[in-house]
Amino acid sequence: MNPYPPVVDARTEGSQLAAAPDERELPFQFTGSAQEYFRIWIVNVLLTVLTLGIYSAWAKVRTKQYFYRNTWLDGTSFEFTGNPVAVLKGRILAGAALALVFGLQRYSIGLYVGSIVLLVLATPWVLVKALAFNARNSAYRNVRFAFTANAGEAAGIYLGMMLIYVFSCGIGFPYAEWRMTSFVVTRHLFGDLRPVWRSKPAAYYKTYLVALGLTLPGYVVFFLALASFKDAGTGEEAQAALQGMLIPMALAFYLYLLVPGAFLNAQKANLLYGGVELGPHVLHSKQRGVELLKLYVVNLLAIVGSLGLLIPWAKIRLARYRASCLALHATGPLVAESLLDDEPSAVGEGLADLGDFDVGIGI
Amino acid sequence: MISFSATYYDGVTTEPNPVVVTLDEQGMLQVTGLPGPLAHPLTAVRISPRIGSTTRSVTFPGGAKCEVTDHAALEELERRVGRGKLNRIVHSLESSWRWAAGAVVAFLLFAVVGAKWGIPLLAQRAADAVPPTMARDLGRGTLEALDGSLLTPSRLTEARQRELDEAFQQMATHYPELPLSLHFRSLRQQPNAFALPDGSVVVTDELVELAKSDDEVMAVLAHEIGHIHHRHSLRMALESSAVVLLLSTYLGDVTQLTTLSAALPAIYAQAHYSRELETEADTFALQYLKENGISRRSFADILRALEAASDAEPQHGLQYLASHPPTRERIARFSE
């Protein structure tokens, strides 16, 4: 089944435009297996524990390699070429920096605050380094990706985002996110191909509005439930019942937030990937909130029920779904040429790990 | 002679070239299928590690690359050149279900041992290493924050408060190294007492009213001083943050899905730690009562009264995860 039938317009039918013979719909495919990845994961966990965390750099790289190598486009898989030693160095450096900051706390509050400010100021630099490391080490058909922004540019965007966010009391958040995503996407390169990003701020606003609307039923039910307990009386028993219900209700509300969360994640992925044009080729992304929600719920139940042992299975399922929703509408052959650039350090990668940034934009 | 088919990418364009790679007797890798001849010594190429059944690559000097799925051939190449030994060991671990099962058992064992002894020991060491002034700083403001939320002013007469405070100060002289102070409050009409890291002991009106003698109150206060002496609140904070940190590191990068499931064990673990700490504080109180000629029964009596009171009281949300050791066990220790 082809989810994207070629557009046939009566006016242009028969013309060269519509009959372009080399237009192809190339689906992404993820071929990782949960059983195989489970063994890789558990060995990673054990070796990381046994080596007191040192192996975590190798674990990270192997995991990334496993997911990249199992992601296919047009008969070829992606490749991650990051050097674990570089990642380890980055992690040690990042750990040392954080230890220094917390160590300063004991000696001088001024120095401590100063170092925290420095750390915050360094965030754009870290982000750029992390993106550059990730992109530089992502390759398809032996042509590397690259991320070409410098820290100054990133700092400008970052600061602008902060200002918009603060001065608009949050209303500017979707715009700021659009601006940041636009910056990240368009500063990437695949070989010599620079992507164009077509998603619009209005689409981000629409997405966030719908997500906000989806959270409303959760709030309504939560407060109705609270009110019904209040109505039940002020006696000791009613009060006790109310207090006994608080934790389950908070938990239920938290779980309900998966609904807007799934919608938001699906839409944001569609806006991010679906807006990308790479030369004559266009990416299509068709993730659906409902499908993502089903995945989230089953994954959550499986992970909790198995005490974490089904984490690899959950990750594989998620990767498979995400890949299955992505396709490249290619016009002509996939041709790109390499540009040579400097080897970026893994310092950013290490710091970004600690900061828990999501830098999975390469694929 | 080793020979395998591969896809060659020159590293400049994305064009795929089907080729056959052959290792000749001179140790040269001959690539055939390209417009021109290409050969590199085996010792100069880089072979990417094997991970599951995924495609691997052979990188030539200069950046050209062959993508290969013939794992047997690549393994033989690695053996010839004597490289990739560690990667092969890791791969053999990763391919065996027996090792995977062993890893699960080993990890569970490690987790249990670490949670039961490792983390508490480390937290205790760390808490002991924190200088007293810093411990006091950490607790500063806690009482004010509680006054603004959970606690309400005491209704006890000033005379009664002074009476108990004098007894408490008398008790405090035994521990000149601790900056102890006593505070009277009311807490949702629950009989309760608790200790803060800065040396403040808070006792509720309800507990004072519940006690049949001052000895009973003092026994509870001795227990609370035990918490301060052993720096329990600091240890609790260190332990729970260590548990969360370790869980998020080891189970890591699993997106927002697992934050909830990762937090649950931490909560359970915390409930368990505090039981051990309660027992430690009980031991401290027992010691005090013995040294000062107060009957240990006074503590058993107030515990019994507290248990009866909590049975009569409805269950509160915060008590969902019981963090005290079963009262019966504790009473038994003070009833001998």
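# A tour of chains A and B

Start with chain A: its secondary structure comes to 13 helices and ten strands. Keep in mind throughout that this is a predicted model. Of the 363 residues of chain A, 46% count as buried. Look at how the chain folds back on itself: among contacts with a separation of 6 or more, 75% join residues 24 or more positions apart.

**Stop 1: the sheet of chain A**

Select the strands of chain A. Ten of them form an open sheet, in the order β6-β5-β4-β3-β2-β1-β10-β9-β8-β7, with antiparallel pairing. Now colour the two edges, β6 (188-190) and β7 (195-197). Each has a single partner strand, so one side of each is left without a neighbour in the sheet.

Show β8 (residues 276-278) next to β7(A): the two pair in the antiparallel sense over three bridges. Pick A:V196 there; its bridge partner in β8(A) is A:E277.

**Stop 2: helices on that sheet**

Helix α7 lies across β5 (143-147), β6, β7 and β8 of chain A. Against β7(A), helix α7 runs at about 165 degrees.

Then move to helix α12 (residues 311-324) of chain A. Helix α12 has 14 residues. From first C-alpha to last it reaches 20 Å, close to the 20 Å expected at 1.5 Å a residue. Show its side chains. Buried residues of α12(A) include A:I311, A:I316, A:L318 and A:Y321. A:K315 is also on the buried list.

**Stop 3**

Most residues other than glycine have a negative phi. Two residues of chain A deserve a click here.

Centre on A:R141, in the loop between β4 (138-140) and β5 of chain A. Its phi is near 55 degrees, a positive value in a residue other than glycine. Is A:R141 buried or exposed? A:R141 is buried, because its relative accessible area of 6% falls under the 20% cut-off.

Now go to A:C169, in the loop between α6 (151-167) and α7 of chain A. Phi of A:C169 is near 55 degrees, again a positive value in a residue other than glycine. With a relative accessible area of 71%, A:C169 is exposed.

**Stop 4: the interface**

Show both chains. How many residues of chain A are in contact with chain B? There are 55, and they meet 52 residues of chain B. The area buried between the two chains is about 4,800 Å², and carbon and sulfur atoms give 63% of that area. Highlight A:R62, A:R69 and A:N142. These supply 15% of the area that chain A buries against chain B, more than any other three residues.

Look for charged pairs next. The rule finds two salt bridges across the interface of chain A and chain B. Zoom in on B:K65 and A:E79: their side chains meet in a salt bridge, at 2.8 Å from N to O.

**Stop 5: the sheet of chain B**

Hide chain A and select the strands of chain B. Seven of them form an open sheet in the order β4-β3-β2-β1-β7-β6-β5, with antiparallel pairing. The edges are β4 (38-41) and β5 (46-47) of chain B. Each edge strand has a single partner, so one side of each is left without a neighbour in the sheet.

Walk through the pairs:

- β1(B) and β2(B) pair over seven antiparallel bridges; B:S3 stands opposite B:T22 in β2(B).
- β2 (residues 17-23) and β3 (residues 28-32) of chain B are joined by four bridges and run antiparallel; the partner of B:V20 in β3(B) is B:T32.
- β1(B) and β7(B) pair over three antiparallel bridges; B:T7 stands opposite B:E67 in β7(B).

Helix α1 lies across β1 (2-9), β2, β3, β5, β6 (56-59) and β7 (65-68) of chain B, at about 105 degrees to β1(B).

**Last stop: B:E224**

Select B:E224 in helix α8 (residues 214-229) of chain B. B:E224 is buried, with a relative accessible area of 6%. Show what surrounds this glutamate: not counting residues up to four places away in sequence, B:E224 touches B:A193, B:F194, B:A195 and B:V201.

Key
Residues numbered from 1 in each chain as written. Chains lettered and ligands numbered in written order. Predicted model: local features only at pLDDT ≥ 70, side-chain atom pairs only at ≥ 80, totals over all residues. Heavy atoms only, no water. Pairing = 2+ DSSP bridges. Contact = heavy atoms within 4.5 Å. Axes fitted to C-alpha atoms, helices over the stretch in contact; angles between N-to-C directions. Buried < 20%, exposed > 50% of the residue type's maximum accessible area, 1.4 Å probe, protein only. Expected span 1.5 Å × (residues − 1). Buried area = accessible area lost by both parts, 1.4 Å probe. Salt bridge = Lys/Arg side-chain N within 4 Å of Asp/Glu carboxyl O.
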